[in-house]
Amino acid sequence: MSVTENIPPDKTKEDQVKTANMVLRISEGLVSALVEPKSQQNNTESRKTVKTPTMEINVVSRKGNMTGMSALFAKGNMMAINLADVAKNNNGSASAVLMSVSGVDKFMSPSFFESENVTEIYSDIITATLPKTKHKELPEPVNFTMFHKKKFQPGLVTCVYWKEQGEETHWSVDGCTASFSNESLTVCSCTHLSTFALLLQTEEQEEDSSLLEVVNLFCMSVGLAFLALAILTFLLCTWNPKINNTARLHLSICLFLGHLLFLVGVSRTENAVACAVIAGMLHFLFLSSFVWMLLETLQLFMLVRSLSKVQVIQKEGLRALYLLLMGYGAPLVVVGVSAAVYSDGYGSKGACWLQNEKNFRWSFIGPVAAILALNLVSFCVVIWSLLPTLANMKSDVSQSRDTRLIIFKIVAQFLILGCTWILGFFQRTSMLKYLFVILNSQQGTFIFIVHCLLNKEVREEYRRWLSCLCRTEGPSGGRRKENIKHSGGNLSRPTISDTPVVECGVAL
């Protein structure tokens with residue numbers, strides 16, 4: 001007969017807590033009666049097991065100078081405890097109990113665990129005690145091996161214990177960590193004994209998750225198209241020698257490759273090795289993107305400082321070689337060290353990305369958070385440095401137009417420098433999720449608009465390309481060939497003045 005039999009589920013949380021604590025105290029009292037009186041013989045170990053359809057109890061007692069770990073079992077779950085060292089602190093004898101009672105989980109629901117995720121009990125609830133033992137301090141952590149109730153599900157498996165603290169009782173993680181976990185079991189290492197369980201935390205499935213996926217696919221496709229245009233523009237256009245596009249070009253390349261690989265490869269979890277390789281490449285590409293954002297911020301700061309000092313600018317920023325070493329060297333070091341420390345952290349059954357185990361994702365979150373903080377501070381410093389320059393500018397119409405353009409570029413630069421990635425730390429509502437997807441997928445769009453479309457020299461290049469294309473394909477193409485033929489073959493490169501303005505969807 002179970003101690004929970006014929007006890008109806010209580011309606012309020014307070015009643016559930018009282019019932020759960022009462023059941024645990026009754027069970028521990030019954031277990032104490034199973035501990036045999038201290039044996040007169042030294043170096044002995046006795047075991048006793050009680051099994052019923054709803055309860056299983058395993059008792060181990062030790063006396064003397066015995067060494068080694070003691071293993072206790074209850075419904076397939078195991079506890080490994082150094083009972084020999086506990087006995088040394090209790091006149092040479094000690095007893096340990098591991099028990100599991102069915103039905104107690106209806107009073108100890110996962111709602112007693114504070115979490116924003118969807119939470120469920122993922123194992124049997126087991127209780128470990130040291131009955132009839134005066135000094136209950138543990139010389140070393142105790143390991144609990146608990147089997148999962150269900151098949152593997154993507155989520156975070158958490159080791160918790162039932163904590164009674166004054167009038168408040170709840171599931172807590174204090175003193176317990178998951179040292180190992182696979183599809184069927186999890187090993188918890190705890191510094192104290194109590195009532196333990198596994199909780200599975202999964203993200204709440206929003207009703208509009210399918211719509212968010214469609215929006216993400218569309219926005220990333222548009223962003224990839226503008227990134228490709230920006231890359232071609234940086235490579236093919238003739239630029240002013242003073243302009244250093246190294247950081248912008250490689251930022252566009254890394255974002256393009258990272259977004260493209262994420263779009264086609266993040267869900268390719270069939271092959272574990274290929275998934276790990278994809279996760280490692282994504283780690284490197286996105287880290288490189290953020291480093292290039294930091295370098296672009298540094299270049300912007302150096303440019304603004306030069307403007308404030310009214311000095312002649314020979315060439316923007318640092319040399320290309322230094323930029324390349326920092327832009328790709330730093331991410332390569334981070335990924336290399338991360339792979340060497342925990343090579344199994346790349347790839348999982350849910351997605352080809354970094355795993356949660358051992359806080360491995362901090363190898364990406366940590367550098368990203370630091371770069372975002374630096375970029376945000378640097379952006380504020382740039383704005384502050386520009387204020388005196390803007391205040392001293394003349395107030396005529398053309399100058400005012402230039403001032404507005406500068407301010408617009410600065411605001412747009414806030415998006416290019418990746419400051420909107422801060423939204424990734426606040427994904428609690430659907431609105432923030434949509435903002436994060438839309439803004440960050442359009443980083444390439446902002447790069448193309450600010451550094452290509454708003455650049456006068458680039459617009460002139462576009463005009464030349466479009467005019468040549470239209471002249472080649474236009475109906476008067478044959479007549480132009482005749483004129484060229486009659487002119488004796490003297491050709492000259494067309495200039496902006498004799499090139500017709502072609503409207504192609506954008507104001508050039």
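Aromatic pairs in this predicted model number 15, a pair being two rings of Phe, Tyr or Trp (its six-membered ring) whose centres lie within 6.5 Å, with planes under 30 degrees apart counted as stacked, over 60 as edge-to-face and the rest as tilted. Phe144 and Phe196 make up a tilted pair, at 4.4 Å centre to centre and with 35° between the planes. Phe144 belongs to strand 8 and Phe196 to strand 13 (residues 195-202), so this contact ties together parts that are 52 residues apart in sequence. Helices (H or I, at least four residues) and strands (E, at least two) are DSSP runs, numbered from the N terminus. Phe144 is buried at a relative accessible area of 0%, and Phe196 is buried at 2%; buried means under 20% relative accessible area, exposed over 50% and partly exposed in between (1.4 Å probe, protein chains only).

A tilted pair is also formed by Phe226 and Phe448, because the ring centres are 5.6 Å apart and the planes stand at 50°. This pair links distant parts of the chain, with Phe226 in helix 3 (residues 209-236) and Phe448 in helix 10 (residues 443-453), 222 residues apart. Phe226 is partly exposed, at 26%, whereas Phe448 is buried, at 8% relative accessibility. Helix 10 itself is mostly covered, with eight of its 11 residues buried; among them are Gly444, Ile447, Val450 and His451. One aromatic cluster is made up of Phe286, Phe290, Trp353, Phe364, Trp421 and Phe436.

Local features were considered at pLDDT of at least 70 and side-chain atom pairs at pLDDT 80 or more, while totals for chains, interfaces and linings use all residues of the predicted model. Residues are numbered from 1 along each chain as its sequence is written, and side-chain values use heavy atoms, with hydrogens and water left out.

Three disulfides were found in a search of the whole structure, a disulfide being a pair of cysteine sulfur atoms within 2.5 Å. In the link between Cys159 and Cys188, the sulfur atoms are 2.0 Å apart. The torsion about the S-S bond of Cys159 and Cys188 is about -80°, so this disulfide is left-handed. Cys159 is located in strand 9 and Cys188 in strand 12 (residues 185-190), so the pair ties together parts that are 29 residues apart in sequence. Cys159 is buried at 4% relative accessibility, and Cys188 is buried at 1%.

Strand 12 also contributes Cys190, which is paired with Cys176 of strand 11 (residues 176-181), so that parts 14 residues apart in sequence are tied together. The S to S distance between Cys176 and Cys190 is 2.3 Å, and the link is right-handed, with 120° about the S-S bond. Cys176 and Cys190 are buried.

The disulfide of Cys275 and Cys352 has an S to S distance of 2.3 Å and is left-handed, with -125° about the S-S bond. Cys275 lies in helix 5, and Cys352 in the loop between helix 6 (320-341) and helix 7 (362-392), so the pair ties together parts that are 77 residues apart in sequence. Cys275 and Cys352 are buried. With the bonded cysteines of the protein numbered in sequence order, the pairing reads 1-3, 2-4, 5-6. As for two further cysteines, Cys254 is buried at 2% relative accessibility, while Cys468 is partly exposed at 39%.

Seven salt bridges were found in the whole structure, each defined as a side-chain nitrogen of Lys or Arg within 4 Å of a carboxyl oxygen of Asp or Glu. Glu164 and Arg25 form one of these, with the closest N and O atoms 3.0 Å apart. Glu164 is in strand 9 (residues 156-165) and Arg25 in helix 1 (residues 13-34), distant parts of the chain 139 residues apart. Glu164 is partly exposed, at 42% relative accessibility.

Glu120 forms a salt bridge with Lys150, where the closest N and O atoms are 2.7 Å apart. Here Glu120 of strand 6 (residues 118-121) is linked to Lys150 in the loop between strand 8 (142-147) and strand 9, 30 residues apart. Lys150 is partly exposed, at 43%. Glu296 and Arg248 also meet in a salt bridge (3.0 Å, N to O), which links helix 5 (residues 272-308) to helix 4 (residues 246-265), the two residues being 48 residues apart. Glu296 is buried at a relative accessible area of 3%, and Arg248 is buried at 12%.
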